[in-house]
Each structure stands twice: as C-alpha cells, then as structure tokens.
Amino acid sequence: MASVADQLDKVLQKTARIIELCNALQEENDLLKLENQSLKVALDTSKSKHIDLEEKLKVTKIAKSIEGASEKSLDIKQKINDFVREIDKSIALLKK
C-alpha cells in the first residue's frame, strides 16, 4: 500500500500535467481564434469583391446590349463608364 506522501506526490504530478495540458490548449485556442478572425476578414473582403464584380458584370452586360455604331450608344457607354468609376470611387472611400 502506498503511503500518503506517495499518493500526494502522484496527485501533484497529475495536477501539474493537467495544468500543462490546459495551458497548451489555451494557446491553441488563442491561435485558432486569431486564425478565425483573419479568415472572417478575408471572407468579408472576398464578399465585397464579389459584389463589386457582379455590379461590373451587370454594367458590362448593359453596355454590350446597347452596343452599336451610333453616337448615342457611345454616349450611353461613356455615361455608364463614368457611373462605374464614380461607384468605384465611392466604394473606395467607404472602405477607408
């Protein structure tokens, strides 16, 4: 039968091991939280780019649908391009 001192020593060793494991898990948790935050920022950026590209695609489709040789369609294309530039500037200002 083990003495009380031996049992206490085993309990202390196991407690120290549990504390080490807890600290290691806490560090891993902190790293995972940072990675999660980074991925959320990347996702938000990707979503924003996706929306911008969808808008540009819509404008391009509109421009192609009115494409023609007449001066009127060239004026419309120019206005659409101006709108796109203005929207891009607004988005850039909003991101700041």
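## Salt bridges

The count comes to four salt bridges, a salt bridge being a side-chain nitrogen of Lys or Arg within 4 Å of a carboxyl oxygen of Asp or Glu. This is a predicted model, in which local features need pLDDT of at least 70, side-chain atom pairs count only at pLDDT 80 or more, and totals for chains, interfaces and linings use all residues. Residues are numbered from 1 along each chain as its sequence is written, and side-chain values use heavy atoms, with hydrogens and water left out.

Side chains of opposite charge can pair when their charged atoms come close.

## Pairs within one helix

Arg17 and Glu20 join their side chains in a salt bridge, at 3.6 Å from N to O. The two residues sit three apart in helix H1, so about one helical turn separates Arg17 from Glu20. Helices here are DSSP runs of H or I with at least four residues, strands are runs of E with at least two, and both are numbered from the N terminus. Arg17 is partly exposed, at 46% relative accessibility. Glu20 is partly exposed as well, at 49%. The scale runs as follows: buried is under 20% relative accessible area, exposed is over 50%, and partly exposed lies in between (1.4 Å probe, protein chains only).

Helix H2 holds a pair of its own, Asp82 and Arg85. Their closest N and O atoms are 2.9 Å apart in a salt bridge. Asp82 and Arg85 are three residues apart, so about one helical turn lies between them. Asp82 has 36% relative accessibility and counts as partly exposed. Arg85 is partly exposed at 45%.

Lys56 and Asp88 form a salt bridge with closest N and O atoms 3.8 Å apart. Lys56 belongs to helix H1 and Asp88 to helix H2, so this pair ties together parts that are 32 residues apart in sequence. Lys56 is partly exposed, with 36% relative accessibility. Asp88 has 30% and is also partly exposed.

## Overall form

The protein chain has two helices and zero strands. Helix H1 covers residues 4–65. Helix H2 covers 71–95. The C-alpha atoms fill a box of roughly 105 × 25 × 10 Å along the principal axes. The radius of gyration is 31 Å, whereas a compact globule of 96 residues would have one near 12 Å. That radius is taken over C-alpha atoms, and the globule rule is 2.2 Å times the number of residues to the power 0.38.

Lys96 and Ala5 are 91 residues apart along the chain, and 65 Å separates their C-alpha atoms. Ala63 and Lys77 are 14 residues apart along the chain, with their C-alpha atoms 5.9 Å from each other.

## Surface and burial

Buried residues make up 6% of the 96 residues in the protein chain. Ala63, in helix H1, is buried with a relative accessible area of 15%. Lys96 follows helix H2 and is exposed, at 83%. Lys89 lies in helix H2 and is exposed too, at 58%. From Lys89 to Lys79, the C-alpha distance is 15 Å, over 10 residues in sequence.

The protein chain exposes about 8700 Å², and carbon and sulfur atoms supply 61% of this area. Accessible areas come from the Shrake-Rupley method with a 1.4 Å probe, and for residues only the protein chains shown count as cover. Leu8, Val11 and Leu12 make a nonpolar surface patch of about 290 Å². Leu8 lies in helix H1. Patch residues have over 30% relative accessible area and no salt bridge; like charges are joined within 9 Å, and nonpolar side chains (Val, Leu, Ile, Met, Phe, Trp, Tyr) within 5 Å.

The protein chain carries 18 positive and 17 negative charges, and their mean positions are 6 Å apart. Lys and Arg count as positive, Asp and Glu as negative, while His and the chain ends are not counted. Each charge is placed at NZ of Lys, CZ of Arg, CG of Asp or CD of Glu.
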